[in-house]
Amino acid sequence: MNLVRSLGTVTIGFVEELGRLAAFSAHMARCVITPPIRLRPFIEEVFKLGVLSLIIICVCGVAVGAVLGLQGYNTLVTFGATQSLGAVVGLSLVRELGPVLTALLATGRAGSATAAEIGTMVATEQLDGLRMMSVDPVHFVITPKALAMIVVMPLLSALFIVSGLFGGYLVGVHLMGVDPGSYMNSLQSAVDFSDDILGSLLKALVFGVLVGLIATYRGYKSEPTSAGVSAATTSTVVIASVSILIFDYFITALWGV
Amino acid sequence: MSSQPHIEPSTGDVAHIEFQHVRMSFGTRRVFDDLSCAFPRGKITVILGGSGSGKSTALRLIGGLVRPQAGLITVDGEDITRLSEREMYHVRPKLGMMFQDGALLNSMTIFENLAFPLREHTQSSEAEIADEVHDRLQSVGLSDIDDLLPGQLSGGMTKRVALARALMMKPIILLCDEPLSGLDPISLRRIESLLLDINRRLQMTMVVISHHIRSTMRMAERVLILLPDGAVSGTPQDLQRSEDPRVASFLDLDASIELTVAPVEAEPARSGRGDSK
């Protein structure tokens, strides 16, 4: 009986939390269309979340592409199909690894930083200070951060994919000796713009919404203590990472992307 | 500055802020069971009480930052307990709040922090805003700190900047959460005299949380003591003469603690821009 009660309590808590998240999302959606438009904070956030993530995205993209090129070559060589290396690297990166790994990297770097920054503002009463000045903190602080995350995620994902293709090309062509024309030709013929590229960008967009929403929500609802900030940061990384992987499955299964 | 919203205080009531049978708890922790008290118009009321007695909660209730589970709170004649957050944005221009640690926006310079409410709520030109900001900084004894970030200020300066920001929109009620805490005696007297000066010049209703009995007795026209089993209020003289053992023991205990505690923060050497870090 106790087990049933505990399960019920957990379920109710989960549903309540989902309800609060939905209300928070609706509040943020209202803020997007309510003037004034916060262009300057938005651009600053795009810089912080996007531009400052460029190096890590490029380095990781090249590394993942290089590993894919190496693994792909070792597998394909046994079938005598090394000319398809470009297709293997390209499809893996575009359809799956690009958006997913970018989202996971962005969660670790930018999502956690966003949650920590908002949590610190809660702990130091900066958000209450805004409310006392009749300024909605969700409008002024939260929405630009979440919107920036949504905008930069597809761009970072695209950059990750391009870096990965370059890494795969370096290893496949220059290290393993695959013909460059074959690599580029198989890549070009295998990757379809509307199915693969647009689908990939759509996936990245959904992940951007997820990370932006979770990071800002966890920071905004954090306890106003240093332990609260720490807990918000950790839970952002954990919840966002798990959500990305679960949503990835459903997007792939339902939309075939 | 003609475009700045002008708050006209309602007249008639002696009590500018009133609590009626307020019940407030956080989870299972009950802060107020049935609190009724009033904060008179144009006067300085100091709230005293031990840790966890609900001093800051009382201030946050007045500002509408938290809502009571039961009871009524009126601010300038308006019941704020039923107002939504959006509706509170129309009440809050009447209120200025000085937070304990300043609550200045860390990513903005001091000038931007002070200009922020004017930029948000008025159509003033940048020149008018700059004049207003510098006037307000001068009124709290600060100058030449426009480009500093909040993290570069000393504790005393942060409090004064927070006070200046709280006054930017010309509120009629000023809420101060421990404005004297963590200050050395010189900074403490400076903030104290600033608050007194503002109250006398502007006839502003002030609610101040303090732990300093002596400064409370110098500054307050009314004192509200939050005790575990209720609240007691009166003039400082009334309370000093009170035969209520709870009040007597609280004032005695707090005074003795105050005399034994060393100043928390030493005032740094002056460097031409007030008290810099």
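This briefing walks through a predicted model with chains A and B. Chain A has nine helices and zero strands, while in chain B four strands form an open sheet.

- Reading from the N terminus, the elements of chain A run α-α-α-α-α-α-α-α-α.
- The C-alpha trace of chain A spans about 65 × 55 × 30 Å along its principal axes.
- Chain A contains 257 residues, and 44% of them count as buried.
- Among the contacts in chain A with a separation of 6 or more, 87% are between residues 24 or more positions apart.
- Chain A is divided into domain 1, covering residues 1-34, and domain 2, covering residues 37-255.
- The centres of these two domains of chain A, taken over C-alpha atoms, are separated by 25 Å.
- Where the domains of chain A meet, eight residues of domain 1 are in contact with nine residues of domain 2.
- On the domain 1 side of that meeting place in chain A, there are five nonpolar, three polar and no charged residues.

**Chain B: an open sheet**

- As a reminder, strands of a sheet pair through backbone hydrogen bonds, either parallel or antiparallel.
- In chain B, the open sheet has the strand order β2-β1-β4-β5, and its pairing is antiparallel.
- β2 and β5 (78-79) of chain B are the edge strands, each of them pairing on one side only.
- Strand β1 (residues 15-26) of chain B is joined to strand β2 (residues 29-40) of chain B by eight bridges.
- To see one of these links, find B:Ile17, whose bridge partner in β2(B) is B:Phe39.
- β1(B) and β2(B) form a hairpin with two residues between them.
- In the turn of this hairpin sits B:Gly27, which has a positive phi of about 65°.
- β1(B) is also joined to strand β4 (residues 70-75) of chain B, this time by five bridges, and the two strands run antiparallel.
- Helix α1 (residues 55-62) of chain B lies across β1, β2 and β4 of chain B, and runs at about 120° to β1(B).

**Where the chains touch**

- Chain B brings 15 residues to the contact between the chains, and chain A brings ten residues.
- On the chain B side, β6 (95-98) and α3 (110-121) each supply at least two residues.
- α3(B) gives the largest share of that side, with three residues.
- Sorted by class, the side of chain B that touches chain A has nine nonpolar, three polar and three charged residues.

**Backbone details to look for**

- A cis peptide bond joins A:Pro35 and A:Pro36, with omega about 0°.
- To find this spot, look in the loop between α1 (2-33) and α2 (39-49) of chain A, which holds A:Pro36.
- B:His21 has a positive phi, near 50°, although this residue is not a glycine.
- B:His21 is located in strand β1 of chain B, and it counts as partly exposed because it has 13 C-beta neighbours inside 10 Å.
- B:Glu178 is another residue other than glycine with a positive phi, here near 45°.
- You can find B:Glu178 in the loop between β7 (173-176) and α6 (185-202) of chain B.
- With 21 other C-beta atoms within 10 Å, B:Glu178 is over the cut-off of 20 or more, so B:Glu178 is buried.

**One more residue in chain B**

- B:Glu128 is placed in helix α4 (residues 126-139) of chain B.
- B:Glu128 counts as partly exposed because there are 16 C-beta neighbours inside 10 Å.
- B:Glu128 and B:Met98 are 30 residues apart along the chain, and their C-alpha atoms are separated by 23 Å.

Technical notes
Residues are numbered from 1 along each chain as its sequence is written. Chains are lettered from A and ligands numbered from 1 in the order in which they are written. This is a predicted model: local features need pLDDT of at least 70, side-chain atom pairs count only at pLDDT 80 or more; totals for chains, interfaces and linings use all residues. Two strands pair if DSSP finds at least two bridges between them. A residue is buried if 20 or more other C-beta atoms lie within 10 Å of its own, exposed if 12 or fewer, and partly exposed in between; C-beta atoms are placed from the backbone. Two residues are in contact if their C-beta atoms, placed from the backbone, lie within 7 Å. Ala, Val, Leu, Ile, Met, Phe, Trp, Tyr, Cys and Pro count as nonpolar, Asp, Glu, Lys and Arg as charged, and the others, Gly among them, as polar. Axes are lines fitted to C-alpha atoms, for helices over the stretch in contact, and angles run from 0 to 180 degrees between N-to-C directions. Domain bounds come from an automatic or database domain assignment.
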